Amino acid sequence: MHAGTKRKIILSAALLLGLAACGHPANSAAATTLAVVATTPQVADFVRNIGGADVAVTQIIKAGVDPHEYEPTPADIRAISQAKLVVKSGVGLERWLDQTIQSAGFSGPVVDSSLGVPLRKGDDETTDGDPHIWHNPRNAKIMVTDIEKGLASADPGHADAYARNLAAYAAQLDHLDADNVAAFARLPADDRKLVTNHDAFGYYVDRYHLQFVGSVIPSMDTSAELSAKQLDDLVAKIKATGAKAIFTESSLPPKTADAIARQAAVKVIGGDDALYGDSLGPAGSPGATYLGAEEHNTQVIVSALGG
Ligand SMILES: [Zn+2]
């Protein structure tokens, strides 16, 4: 390489580094923290738990927002352009992400937290699988392990801390799983019938041996069109199976669920009891963390179906 060219390249690299540093106005005290962008509330919570004080997490999708319908903002593009690492949930949940990463000019590592998770089949062959992987705590353990690997490789200086945080959080996930098993053991098998707002709980249904009767939106996506026939079919299924309730979700409007419940003469579980299907609760609420949200879901389901 020509010496002059080389010097120019070094100079522009220094310039770029300077620009990148200026791009972090809020991070003056965070020179040693790793800037991580996480897509969903769930993976952001995982990154906060595994990263601890050594990461600064920007969460793209806010609590209570439907991830299937998400459209990225200029602020999201800016956050990704300033990140050292991007963490996604995966399995096609973030259909907007590749394009956004391109727009941001981000060329750093992207952690796909679904790597290694045994996938359920999706709605049809156009999808990679059911994206709602986090509802089985065993899958969540694989996700946080993927995240820990990503953090350690992007920031080897704090690898020991990430490994310690992973071990502590994995123990909490085991605890959650054992609590769920114990809770469902108290519910007679015949009462374990789940009707939800959309088809988001397949991994949970499989793990705790529930029966999925159907969902108001008969899809793992939330943009599916509802037909009158499908709604009639669901009412008939609820009556035939003796399912006791329809569970609405925090990130979806409950209107259609209310109408179906009236026709099928079952109760609607909503409001503060709505399940965390695709999101977590607002900051400060018990559902603001993955562990709190999943605990809430099991408590609500067992109490509604057991009563
Ligand atoms: Zn969903």
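The questions below go from the whole protein to sheets and single residues.

Guide: This is a predicted model, in which local features need pLDDT of at least 70 and side-chain atom pairs count only at pLDDT 80 or more, while totals for chains, interfaces and linings use all residues. Residues are numbered from 1 along each chain as its sequence is written.

Visitor: What percentage of the 307 residues is buried?
Guide: A residue is buried if 20 or more other C-beta atoms, placed from the backbone, lie within 10 Å of its own, exposed if 12 or fewer do, and partly exposed in between. By that criterion, the buried part of the 307 residues in the protein is 43%.

Visitor: In which order do the 4 strands of the open sheet stand?
Guide: Strands are DSSP runs of E with at least two residues, helices are runs of H or I with at least four, and both are numbered from the N terminus; two strands pair if DSSP finds at least two bridges between them. Strand S2 (55-59) and strand S4 (110-112) are the edges, each pairing on one side only, and S1 (residues 34-38) is joined to S3 by 3 bridges in the parallel sense. With parallel pairing, the order in this open sheet is S2-S1-S3-S4.

Visitor: Which residue in S3 is the bridge partner of Val36?
Guide: The pairing of S1 and S3 is parallel and runs over 3 bridges. In S3, the partner that Val36 meets is Leu85.

Visitor: Why is strand S5 largely enclosed by the rest of the structure?
Guide: Strand S5 (residues 193-198) pairs with strand S6 (residues 211-217) in the parallel sense over 5 bridges, and Lys193 stands opposite Gln211 in S6. S5 is largely enclosed because, of its 6 residues, the number buried is 5.

Visitor: Is Val91 buried or exposed?
Guide: Val91 sits in the loop between strand S3 (85-88) and helix H4 (97-104), and its phi is positive, near 55 degrees, although the residue is not a glycine. Because Val91 has 21 C-beta neighbours inside 10 Å, it counts as buried.

Visitor: Is Ala265 buried or exposed?
Guide: Ala265 lies in the loop between helix H9 (255-264) and strand S8 (267-269), and this residue, not a glycine, has a positive phi of about 55 degrees. Because Ala265 has 9 C-beta neighbours inside 10 Å, it counts as exposed.
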